Amino acid sequence: MIEQLRESTAALHQDLERTLIPMIKHANSPEAYIRLLQLFYGYYYPLEQYIAAHIDTSFPGGFEHRRKAALLLQDINVINGAPLEPPVTCTDIPVINDNAQALGAMYVLEGSTLGGQVICQIIQRNLPTPEIAQALSFFNGYGEDTRAQWDSFVHYLEGYHGTDEQKKRIVEAAADTFRQFKVWAEANA
């Protein structure tokens, strides 16, 4: 399942990276970093709501500890020095009506934690302020446990015994998640 996901979404993943990497590299002021965090929050928050509503309750460890939107708000507050109004959220997210689609969207969100370590280095290099280390909780993912968390997700997907139709919906939802995130990022650049 994981190889099928990688192969089916590789081009979309690269397209999204080509959109996001320049934004990440240009987050060289507190204001620019807040805008970047708001962009991610605007997509993650509504997507996480749909995932939570449709993920199978037998998912190992549950979904709650994998949510990241609150970390984005925490990072914004550290940089801003105080809470801001909640950012605008995306209304055009992928369709998530069942566990298979939730898993497809999770594939994208969980996979993004792997690149977070590199993003942390870019942000620290481009925004060397004293508080930046406390404002990287989102991009830091699970910290030292990031690889283990990813591996546990991959293990779950590899053991997924859904129908061919359900597996197809996982792949379609992952592709839509990449696609819609790129549209959101371009519209809010």
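**Contacts, core and pockets**

Leaving aside residues up to four places away in sequence, Y107 touches I2, L5, R6, T9, W150, F153, L157, A174 and F178, where contact means heavy atoms within 4.5 Å. This is a predicted model, in which local features need pLDDT of at least 70, side-chain atom pairs count only at pLDDT 80 or more, and totals for chains, interfaces and linings use all residues. Residues are numbered from 1 along each chain as its sequence is written, and side-chain values use heavy atoms, with hydrogens and water left out.

**Nonpolar core**

- Y107 is also one of the residues that touch the most other members of the largest nonpolar core, together with Y33, L36, F40 and I51, and this core holds 62 residues.
- A nonpolar core is a set of buried Ala, Val, Leu, Ile, Met, Phe, Trp, Tyr and Cys residues joined through side-chain atoms within 4.5 Å, and buried means under 20% relative accessible area with a 1.4 Å probe, protein chains only.
- The largest share of this core, 12 residues, is given by α4, a helix being a DSSP run (H or I) of at least four residues, numbered from the N terminus.

**Largest pocket**

- A pocket is an open set of points on a 1 Å grid over the protein atoms alone, where a 1.4 Å probe fits, with protein on both sides within 12 Å along at least five of seven lines, and its lining residues have an atom within 4 Å of a point.
- The largest pocket contains about 590 Å³ of space, and among its 28 lining residues H13, E17, G111, S112 and G115 are the closest to its centre.
- The largest share of this lining, 11 residues, comes from α4.

Note on methods
Grid points are joined across faces, edges and corners, and a volume is the space filled by probe spheres set on the points. Helices (H or I, at least four residues) and strands (E, at least two) are DSSP runs, numbered from the N terminus. Buried means under 20% relative accessible area, exposed over 50%, partly exposed in between (1.4 Å probe, protein chains only).
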